[in-house]
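I wanted to get to know this structure before reading anything else about it, and I kept short notes as I went.

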Amino acid sequence: MDKDLQTRILNAVDARFDAQTEFLSELTAHPSTRGNEQGAQDFMASELADRGYKVDRWEIDVDDIRHMPGFSPVIGTYEEAVNVVGAHESATRKGRSLILNGHIDVVPEGPLDMWDTPPYDPRVDDGWMYGRGAGDMKAGLASNLFALDAIRDCGFAPAADVYFQSVVEEECTGNGALACLQRGYRADAALIPEPFAESLVTAQVGVLWFQVHLQGLPTHVAYAGSGANAIEAAVPLIAALHEMEARWNTDQAKHPEYGHVHHPLNLNIGKIEGGDWTSSVPAWCVFDVRMGLFPGQDIDAAKAEIETVLTDAAQKNEFLRNNMPQVIYNGFQAEGYALAEDGSDTATRAISALELAHGAVTGGELDKVSITATTDARFFGLYADTPALVYGPKAEAIHGFNERVDLESVRRVTQTTALFIARWCQLESL
């Protein structure tokens, strides 16, 4: 790339960065937890329309996507679950097309008294922006948008079609990104600025969500010996699942991209509830589980092993062996994805373009990491023959309290994204 143009693009990002910070603050102020994304999506659609992009906004129809590979069982309903895509259509199409993908949904904020300041009242302190979703991943959405702005401010546009995607459902199913594939959005590569500290994600785990339902035998606590406590019955089942987790993490079982990672597959009991009255032996209990999977690990085989583990553990309980636990799958049935295993020329060129852009901004080499979480990259890489590059800013306490994102890292990622777009898509004059 011409050095002068490169410098102009970097300076254009700097010139707009105050506006970008204000944009991120306004976007973070929208409490876009699952089912409440509409306000944030209205904001995104308006910003895209104001910039002249062709805006496609639609409510996800489960019947349109349930037959597709990668579909995950829906939690609740999809009433007003809206995706937004802004399309730039190139005049020349001399470059390679690109999807800029990010998710608008955020996880629940948890107890408000554990935050230093309200989670949807963003603040900047010592170079960090605080707020739920600021890091995961509204800063990435802002980077994608303002990278395109910087190119435009220099008098150019991508010389290939670019699809800016703001999707729902990433935190629980990924069906928002899947709906974009069903809608027909395809490109030569995808870039997803998830907050992994300016490193390229070369492998990500899969994720399986399920619930375990237990029935007990209720009675007054005065006669507890004649009943069966459904909550206490969960304890040995959880222990058995953790034993399975340990087996899946042995060195012999590890995927090659995770050979250096001590404990890549994590099981989490994310929620538990049960019982109806403090002085009654609880008649029911439900606990929600998240389990990681390696790339290439068969989901059906994993589910079968999970069910066997629970059945075997229940057989050791006098009451449960005649009242077996019921397993219900809801939410993630996500396969793992390893960009590192994509040896195509397209993937090689895309990674090279990102390495050059990252080096021009930071002066250093691009670090590559295998992560123990999942992202929407799997949909593009596994089901659309599209290498998906996950590269975003440094953030801390995501899914925790006082979530925050490093604004200087956001600036660098925006600059890198702009240079990547210029290299990958090439440029045409406005």
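This is a predicted model: local features need pLDDT of at least 70, side-chain atom pairs count only at pLDDT 80 or more; totals for chains, interfaces and linings use all residues.

The entries below take up the pocket, the cysteines and the salt bridges in turn.

I found 38 residues lining the largest pocket, with Val107, Glu171, Trp209, Phe332 and His399 the closest to its centre. Strand 10 (206-215), strand 11 (267-274) and strand 12 (284-293) are the elements that each give two or more residues to this lining. I sorted the lining by kind and noted 16 nonpolar, eleven polar and eleven charged residues.

**Cysteines.** I searched for disulfides and the count came to zero. For Cys154, the nearest cysteine sulfur is that of Cys425, which is 15 Å away, and a disulfide needs the two sulfur atoms within 2.5 Å. I also noted that Cys154 is buried at 10% relative accessible area, and that Cys285 is buried at 0%.

**Salt bridges.** My search of the whole structure gave 19 salt bridges. I looked at Glu403 and Arg132, whose closest N and O atoms are 2.7 Å apart; the two residues sit in loops and are 271 residues apart in the chain, and both are buried. I then turned to Lys368 and Glu355, which form a salt bridge at 2.9 Å. Lys368 lies in strand 15 and Glu355 in helix 8, so this pair ties together parts that are 13 residues apart in sequence. Lys368 is partly exposed at 45% relative accessibility, and Glu355 is partly exposed at 32%. Last, I noted one network in which salt bridges with shared partners join Arg16, Glu47, Arg51, Asp149 and Asp153.

Methods: Residues are numbered from 1 along each chain as its sequence is written. Side-chain values use heavy atoms; hydrogens and water are left out. On a 1 Å grid over the protein atoms alone, a cavity is a set of points where a 1.4 Å probe fits but cannot get out, and a pocket is an open set with protein on both sides within 12 Å along at least five of seven lines; lining residues have an atom within 4 Å of a point. Helices (H or I, at least four residues) and strands (E, at least two) are DSSP runs, numbered from the N terminus. Ala, Val, Leu, Ile, Met, Phe, Trp, Tyr, Cys and Pro count as nonpolar, Asp, Glu, Lys and Arg as charged, and the others, Gly among them, as polar. Buried means under 20% relative accessible area, exposed over 50%, partly exposed in between (1.4 Å probe, protein chains only). A salt bridge is a side-chain nitrogen of Lys or Arg within 4 Å of a carboxyl oxygen of Asp or Glu.
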